[in-house]
Amino acid sequence: MDKLLIIVPAFNEEESIIRVIEEVKNVGLSNDLVVINDCSTDKTEELIRNLEINIVSHPVNLGAGAAIQTGLKYAQINNYDLMVVVDGDGQHDPKEIPKMVVALKENLADVAVGSRFLTNGQSGKQKIHWARQIGIKIFSVLLSLIVRSKITDTTSGFRAFNKRAIKFLAHEMPADFPDADMLLSLIFAGFKIIEVPVNMRERIGGRSMYSGLRSVYYPFKLTIAILAVLLKSFLERRK
Amino acid sequence: MSIRVQLAIVVLALLLLGFIFDLLRRKKISEAITLWWLFIIILMIFLTLNQDFLSRIKDVFGVALPFSVLLLFSSCFILVMLIYFSMKISVLSIQIKDIAQEFAIFKAVASENQNKKEQQSAK
């Protein structure tokens, strides 16, 4: 039987973290759970420690991508076969985890991405700002054209990884927005990615990493990151 | 370029040289960076004192004043240094991130092992 780890990256999620942990526990899978606390300044860490859940606490705030990478490194060190990321803000419905794990195994894929746009074009119960919807659409179309395969949700953080992908991403992961560039690196490195239709919800509390000035920085950073991945792949093919 | 301007540039370059060596003495700057600064200061003094050479470069670049050549060299140097520091900062950020992640993981693993030991001894 595969050893499964569920990680919950959290940064200032005191309003949602307990509910997310309870929901993950109720999924009924034989798995381990670890919360990656990205140096929260609220009561997140205290709440997790009271629940006696395994916790990895960053000494400084490193960003969402780095928090997931810490989870990947933890999974690699402890020899897990599969790892699923469930955000600490409550957007991801843990009931969808078994579906992701089954899809990963049945399709012999390395990475399963939970897509909110595969369910009849709806995003479930989640309302997405129009500007972000346009951004997701642009990057999804761009990525689909580059890899010649349909990708609908480039910003979904609801992902499952197998052992091979865990090993690769433990060393290759963008620190801030682990999105389209990460998927592109995986595809160019020969990993198989599948999208799984999932329901996503409104965040219970906290602040989105795509809010404020970061939403302006995001498309530029992602474009540069995609270009860097393309250049790297082009140079590697020429060798 | 007048003697007064030449003198001012040489004095400023020597003061900068003294300041850089003082930083090195107090371990506020590395030897590698000091070498970069030493190279540019010597180049500036050489170009300032060697008027014939400066005039030849001025003609090559098609600029009116020899002083502009010095400014051009300074700007190029600053640009190279900025790129170098951007590179260094990026590398350092990745290294700090890796250290922080490993520190957090080992601390968590040590705590998990401690809890297991406590549970075993309680049994």
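Analyst: The following answers concern a predicted model.

User: Which residues have the most contacts inside the largest nonpolar core?

Analyst: They are A:Ile6, A:Val8, A:Val34, A:Met83, A:Val84 and A:Ala160, and the core itself has 68 residues.

User: And which helix gives the most to this core?

Analyst: Helix α3 of chain A, residues 64-77, contributes seven residues.

User: What does A:Val8 touch?

Analyst: Leaving out residues up to four places away in sequence, A:Val8 touches A:Val20, A:Ile21, A:Val24, A:Val35, A:Ile36, A:Val86 and A:Gly88.

User: Now A:Val147, please. Where is it found?

Analyst: A:Val147 belongs to helix α5 of chain A, which covers residues 130-147.

User: Why does A:Val147 count as partly exposed?

Analyst: A:Val147 has 15 C-beta neighbours inside 10 Å.

User: How far apart are A:Val147 and A:Leu184?

Analyst: In sequence they are 37 residues apart, while their C-alpha atoms are 7.7 Å apart in space.

User: Changing topic: which residues of chain B are annotated "transmembrane region"?

Analyst: The unreviewed UniProt entry gives residues 6-24, 36-54 and 60-85 of chain B.

User: How much of residues 6-24 and of residues 36-54 is helix?

Analyst: Residues 6-24 of chain B are 100% helix, with end C-alpha atoms 27 Å apart. Residues 36-54 of chain B are 95% helix, and their end C-alpha atoms lie 21 Å apart. Strand accounts for 0% of residues 6-24 and for 0% of residues 36-54.

How values were computed
Residues are numbered from 1 along each chain as its sequence is written. Chains are lettered from A and ligands numbered from 1 in the order in which they are written. This is a predicted model: local features need pLDDT of at least 70, side-chain atom pairs count only at pLDDT 80 or more; totals for chains, interfaces and linings use all residues. A nonpolar core is a set of buried Ala, Val, Leu, Ile, Met, Phe, Trp, Tyr and Cys residues joined through C-beta atoms within 7 Å. A residue is buried if 20 or more other C-beta atoms lie within 10 Å of its own, exposed if 12 or fewer, and partly exposed in between; C-beta atoms are placed from the backbone. Helices (H or I, at least four residues) and strands (E, at least two) are DSSP runs, numbered from the N terminus. Two residues are in contact if their C-beta atoms, placed from the backbone, lie within 7 Å. UniProt positions are given in the numbering used here, feature names are shortened, and annotations may be inferred rather than shown by experiment.
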